[in-house]
Amino acid sequence: MAKVIIFGNTRTAELALYYLQNDSEHEVVAFTVEQDYIQEPTFHGLPLVPFETLEQIYSPSEFKFFAPLTEKNMNRVRARVYEQGLEKGYSYISYISSHATVLTDKIGDNCFILEDNTIQPYVTIGNDVVLWSGNHIGHHGTIGDHVFFTSHVVLSGGCQVGDYCFIGVNATIRDQSVLGEGTLIAMGANLTRQKTDPWSIWKGNPAEKAAISSKDIKI
């Protein structure tokens, strides 16, 4: 069992607290965000402390960190906090739901994997990855760092998902696809091509490439 500090004071942090309290061996002891976002000294009855001075209050040698943030700015906000936590000396936990079917042990740190995900054999998942509920992750696939899957996504076998990708609800990705860094697959899209350009957006059925970059949108 680890004593854990959660980054955030929004609904995602609230959900992380629920899952860790009800479906893990870990003990949540505090929350943290940047000083500018603190309006109350507690969140859900636990201390809410400034991230800027966190390591002075909760030593990285005694506490672990969890930062399951949203996909904001194509996962780059979550990636920034993840890197800052490492710089402060923290090691991370991952949460993997007991109600997920997980047939691999190759899962990185700071991952948030919710119920009803099916992760087939020979899958590799990087660091700082969010798999919301109900996805199918096909065999022999690779998911990079700082990736966000929403819900009911089908990632067929042998796919490679680059860092910072975002996959929308009910999207389908054909087998052996290679998604370039920062690819955004829109909700309901059916990707039949096998390769996408970095920071591209794909939408529709069959999916077509949008004219703008995923770096230029707000999600």
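Tutor: Start with one term. A strand is a DSSP run of E with at least two residues, and strands are numbered from the N terminus. Keep in mind that this is a predicted model.

Student: Where does Tyr122 lie, then?
Tutor: Tyr122 sits in the loop between β9 (118-119) and β10 (124-125).

Student: Is Tyr122 buried or exposed, and how do you know?
Tutor: Its relative accessibility is 60%. Exposed means over 50%. Tyr122 therefore counts as exposed.

Student: What makes the phi of Tyr122 worth a remark?
Tutor: Phi of Tyr122 is near 65°, which is positive, and the residue is not a glycine. Most residues other than glycine have a negative phi.

Student: Which loop holds Gln176, and what is its phi?
Tutor: Gln176 belongs to the loop between β18 and β19. Its phi is about 65°, again positive in a residue that is not a glycine.

Student: Why is Gln176 called partly exposed?
Tutor: Its relative accessible area is 44%. Buried means under 20%, exposed means over 50%, and partly exposed is in between. So Gln176 is partly exposed.

Student: Where is Asp175, and which residues does it touch?
Tutor: Asp175 lies in the loop between β18 (172-173) and β19 (178-179). Leaving out residues up to four places away in sequence, Asp175 touches Ser156, Gly157, Cys159 and Gln194. The C-alpha atoms of Asp175 and Gly158 are separated by 5.9 Å, and these two residues are 17 apart along the chain.

Student: What makes Asp175 partly exposed?
Tutor: Its relative accessible area is 35%.

Student: Now the sheets. What is the strand order in the sheet of 5 strands?
Tutor: The order is β3-β4-β2-β1-β5, in an open sheet with mixed pairing. β3 (42-43) and β5 (64-66) are its edges, because each has a single partner strand, and one side of each is left without a neighbour in the sheet.

Student: How do you know that β3 and β4 pair?
Tutor: Two strands pair if DSSP finds at least two bridges between them. β3 and β4 (residues 46-50) have 2 bridges, and they run antiparallel. In one of these places Phe43 has Leu46 of β4 as its bridge partner.

Student: What is the pairing in the sheet of 4 strands?
Tutor: The pairing is parallel, in an open sheet with the order β10-β13-β16-β19. β10 and β19 stand at the edges, since each has a single partner strand. Inside the order, β13 (residues 142-143) is joined to β16 (residues 160-161) by 2 bridges. Ile143 stands opposite Val161 in β16.

Student: How many helices and strands does the protein chain have?
Tutor: The chain has 3 helices and 23 strands.

Student: Why is the chain called as compact as a globular protein of its length?
Tutor: The radius of gyration is 17 Å, and the globule rule gives 17 Å for 219 residues. The two values are close, so the chain is that compact.

Student: What share of the residues counts as buried?
Tutor: 52% of the 219 residues do. The cut-off for that label is under 20% relative accessible area.

Definitions and conventions
Residues are numbered from 1 along each chain as its sequence is written. This is a predicted model: local features need pLDDT of at least 70, side-chain atom pairs count only at pLDDT 80 or more; totals for chains, interfaces and linings use all residues. Side-chain values use heavy atoms; hydrogens and water are left out. The radius of gyration is taken over C-alpha atoms; the globule rule is 2.2 Å times the number of residues to the power 0.38. Buried means under 20% relative accessible area, exposed over 50%, partly exposed in between (1.4 Å probe, protein chains only). Contact means heavy atoms within 4.5 Å.
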